[in-house]
Amino acid sequence: MRKNQLFLILAVTATGIALTAAVTAAVVVYSGAYDISATRQHWQATHSLMEVAMRQSVRRQARGIDEPALSDPQMALRGAATYQAKCVQCHGAPGVAQSDIGLSMQPLPGPLVDAQQHWKPRELYWVVRHGIKMTGMPAWQYRLEDAQIWELVAFMQQLPQLNATQYAQWTRSAPAATDRVRFEAALPPDFVADVERGRQALHQYACNACHSIPGITGADVYVGPPLKGMGKRTLIAGSLANTPQNLARWLTHTQQVKPGTAMPQLGVTPQDAQDMAAFLSTLH
């Protein structure tokens, strides 16, 4: 058999397999045969495949991150406060059960007492900062300072050694968690808004839950008006001239600009608001 004939047979076979797989996938998707309910577990093969893909991705993404020293007890103590405020609801702690949200998720967000055995500190930092798709693990990049994330990682280095009593002592001794410390930070005089960061901030503040936004993926939504053409609009909230500064004001002080509006005040920081406004101003 000639090489050209063999190549043709292999190509036809591969194409047939690919088409069969595509048709099968389409039938499963459009027939509704796949049960997406969170009361049914993933198949073990699905869970294992996602687990491997997640671990390999995190290791790759985090490999260039420089780790600070994490041995300061005060650093870990501050991290304990953040853990209690942000993490225990889904992951639990020694002697503390997950909340209803954590218990009901699929895949299950497991305890972090063994995180040190699976992840390097830089990998834990990356996971906390960026989150993980299709798991419910949120990205904390727009909610916590980098220093707070490293404090959280420092605490997770101590977590495996704590029993229920010791964990309770840590959380009682920890200072109150500082929430959104960037909110009060003034922008430097030479600040330049970052358009791409603003696009990312819009979906991190869940703006696409209510609005369709060009450049941001999401489901069809009809809660708020589409933001296409935002840069060409004359007014914001029916009263403010459409400038980047006014748009940033609308994002940070929504209820002050238009009391009673259905748009919630999301706790957008000044930097995030400027970046978001810069992106929205490009939508024509």
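In this predicted model, I216 sits in the loop that joins α10 (195–204) to β1 (235–236). I216 has a relative accessible area of 12% and is therefore buried, since the cut-off for buried is under 20%. Setting aside residues within four places in sequence, the contacts of I216 are R199, L202, H203 and N208. Between the C-alpha atoms of I216 and F7, which lie 209 residues apart along the chain, the separation is 42 Å.

**Helix α13 and its partner α10**

Helix α13 covers residues 270–280, and nine of its 11 residues are buried, so the helix is largely enclosed by the rest of the structure. The buried residues of α13 are D272, A273, Q274, D275, M276, A277, A278, F279 and L280. They pack against α10 and against α11 (244–252).

The packing of α10 with α13 has an angle of about 105°, and the axes are 7 Å apart. The two helices are therefore roughly perpendicular. On the α10 side, V195, R197, G198, R199, A201 and L202 take part, and they meet Q271, D272, D275, M276, A278, F279 and L280 of α13. By type, the residues of this contact are seven nonpolar, two polar and four charged. R199 and L202 of α10 meet α13, and R199 and L202 are also in contact with I216.

Two packed helices are described by the angle between their axes and the distance between the axes.

| Helix pair | Angle between axes | Distance between axes |
|---|---|---|
| α3 and α9 | about 100° | 8 Å |
| α3 and α8 | roughly 100° | within 7 Å |
| α10 and α13 | about 105° | 7 Å |

Helix α3 spans residues 73–86 and helix α9 spans residues 164–173; they pack at an angle of about 100°. This makes α3 roughly perpendicular to α9. From α3, the residues in the contact are A76, L77, A80, Y83 and Q84, and from α9 they are Y167, W170, T171 and S173. Six of these residues are nonpolar, three are polar and none is charged.

The axes of α3 and α8 cross at roughly 100°, so α3 is roughly perpendicular to α8 as well. Here α3 contributes M75, A76, R78, G79, A80, T82 and Y83, while α8 contributes W150, E151, L152, A154, F155 and Q158. The contact of α3 with α8 divides into eight nonpolar, three polar and two charged residues.

M75 belongs to helix α3. With a relative accessibility of 11%, M75 counts as buried. Beyond residues up to four places away in sequence, M75 touches A69, L70, W150, E151 and A154. The C-alpha atoms of M75 and A174 are separated by 9.9 Å, although the two residues are 99 residues apart along the chain.

**The nonpolar cores**

Which residues touch the most other members of the largest nonpolar core? They are Y83, V153, F155, M156, L159 and Y167, in a core of 35 residues. At least two residues of this core come from each of α2 (44–62), α3, α7 (121–130) and α8 (146–158). The helix that gives the most is α8, with seven residues. Another core lies apart from this one and has 23 residues, including L227, W250, V268 and A273.

Y83 of α3 and Y167 of α9 are also part of the contact between those helices. M156 touches L112, L124 and V128, with residues up to four places away in sequence left out.

**Cysteines**

How many disulfides does the model contain? The count is zero. C90 is in no disulfide, and the nearest cysteine sulfur to that of C90 belongs to C87, 8.7 Å away. C90 has a relative accessible area of 24% and is partly exposed. For C210, the closest cysteine sulfur is in C207 at 8.5 Å, which is too far for a bond because a disulfide needs sulfur atoms within 2.5 Å. C210 has a relative accessibility of 29% and counts as partly exposed.

Definitions and conventions. Residues numbered from 1 in each chain as written. Predicted model: local features only at pLDDT ≥ 70, side-chain atom pairs only at ≥ 80, totals over all residues. Heavy atoms only, no water. Axes fitted to C-alpha atoms, helices over the stretch in contact; angles between N-to-C directions. Helix = DSSP H or I, 4+ residues; strand = E, 2+ residues; numbered from the N terminus. Parallel < 35°, antiparallel > 145°, perpendicular 65-115°, else oblique. Contact = heavy atoms within 4.5 Å. Nonpolar A, V, L, I, M, F, W, Y, C, P; charged D, E, K, R; others polar. Core = buried A, V, L, I, M, F, W, Y, C linked by side-chain atoms within 4.5 Å. Buried < 20%, exposed > 50% of the residue type's maximum accessible area, 1.4 Å probe, protein only.
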